[in-house]
Amino acid sequence: MKVFSILLMAFLISFSHLSQANVDEIGGYRVLVTSSLDENGMPVDELESIHFDHKLFYVFSEWNLPAGEYRYSCIIYDGERRVVNSQFNTFNSDGSNFNFWCSHYLNKSTDKPGSWYAEMGIEGYGSAAIYFSVSEDDIRKSLTGDWGWSDQIDSCKSEHAITISFNDAGTKMYHTSKSGLHLSTSTVQYEKIIYSILSEGDKYLRTIVINEAQKTDDGEMFLWDLILLDDESFCWKQSEWPEGHCTAKLLKCSE
């Protein structure tokens, strides 16, 4: 199938010998999404949403079944209801709880964010469905670290690199550099520039500079839009500039 050739997938099946059953009722089940499995093949957490930067996730299910032979299925659909993973097989149950799961490796170039859906089924016992969200990466995580101007020589050297960080609430962004910083609207040199985040999207932050002295002709504070071009570059657009105008790129410095 084409879907198997274009997506990286791993599918794991495990029989779990538990000292205490997690699903007590015959024919009962539970299903959840988890970021990982422990050494016993059990989920380490339970997720309602996943960022693309997490990459691999698992849809896990546990069933309480009488002894016998059964057919199981696992199907994962993306935000556009395309099948990104599917598996069908048979197994023999000895009457103890049975676990199975499927996993998917998120790929930004092929997978679509949105409300995803998975269906885990046991023939003769129905199916267990679960919805969960897959979203774009947190822009703050992409921005945290050292950056350098693309049009400046040695801009990633330690004395010139611009270090970006955020407060715990994610409402403020800090830019610092050993060689000092200045804004396009001013020649004032700053040791640290503090941005207050007014709004955001997957690829931009709209900010104002808390310590900026200059104002617009109307006496308002300038709005600065940080536009994330990709995971390794961004530019700035100032609110008074025409559409399409942006500063030179800043590039992520290699570690």
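A pocket is here an open set of grid points with protein on both sides within 12 Å along at least five of seven lines, and its lining residues have an atom within 4 Å of a point. The model is a predicted one.

Q: Which residues lie nearest the centre of the largest pocket?
A: The largest pocket has a volume of about 450 Å³, and its lining is made up of 23 residues. Of these, the ones nearest the centre are W149, Q152, I162, L181 and H182.

Q: Which element gives the most residues to the lining of the largest pocket?
A: Two or more lining residues come from each of β11 (145-149), β13 (172-181) and β14 (190-200). The element that gives the most, with 5 residues, is β13.

Q: How much space lies in the largest cavity?
A: A search of the whole structure, with a threshold of 30 Å³ or more, finds 1 cavity. Lining the largest cavity are K108, E136, D137, I139, S142, D202, K203, L228 and D231. The space in the largest cavity comes to about 60 Å³.

Q: Where does E220, a member of the negative surface patch, lie?
A: The negative surface patch is formed by E220 together with D217, D218 and E240. As for its place in the chain, E220 lies in the loop between β15 (204-209) and β16 (224-230).

Definitions and conventions
Residues are numbered from 1 along each chain as its sequence is written. This is a predicted model: local features need pLDDT of at least 70, side-chain atom pairs count only at pLDDT 80 or more; totals for chains, interfaces and linings use all residues. Side-chain values use heavy atoms; hydrogens and water are left out. Patches are made of residues with over 30% relative accessible area and no salt bridge: like charges are joined within 9 Å, nonpolar side chains (Val, Leu, Ile, Met, Phe, Trp, Tyr) within 5 Å. Accessible areas come from the Shrake-Rupley method with a 1.4 Å probe; for residues, only the protein chains shown count as cover. A salt bridge is a side-chain nitrogen of Lys or Arg within 4 Å of a carboxyl oxygen of Asp or Glu. Lys and Arg count as positive and Asp and Glu as negative; His and the chain ends are not counted. The place of a charge is taken as NZ of Lys, CZ of Arg, CG of Asp or CD of Glu. Helices (H or I, at least four residues) and strands (E, at least two) are DSSP runs, numbered from the N terminus. On a 1 Å grid over the protein atoms alone, a cavity is a set of points where a 1.4 Å probe fits but cannot get out, and a pocket is an open set with protein on both sides within 12 Å along at least five of seven lines; lining residues have an atom within 4 Å of a point. Grid points are joined across faces, edges and corners, and a volume is the space filled by probe spheres set on the points.
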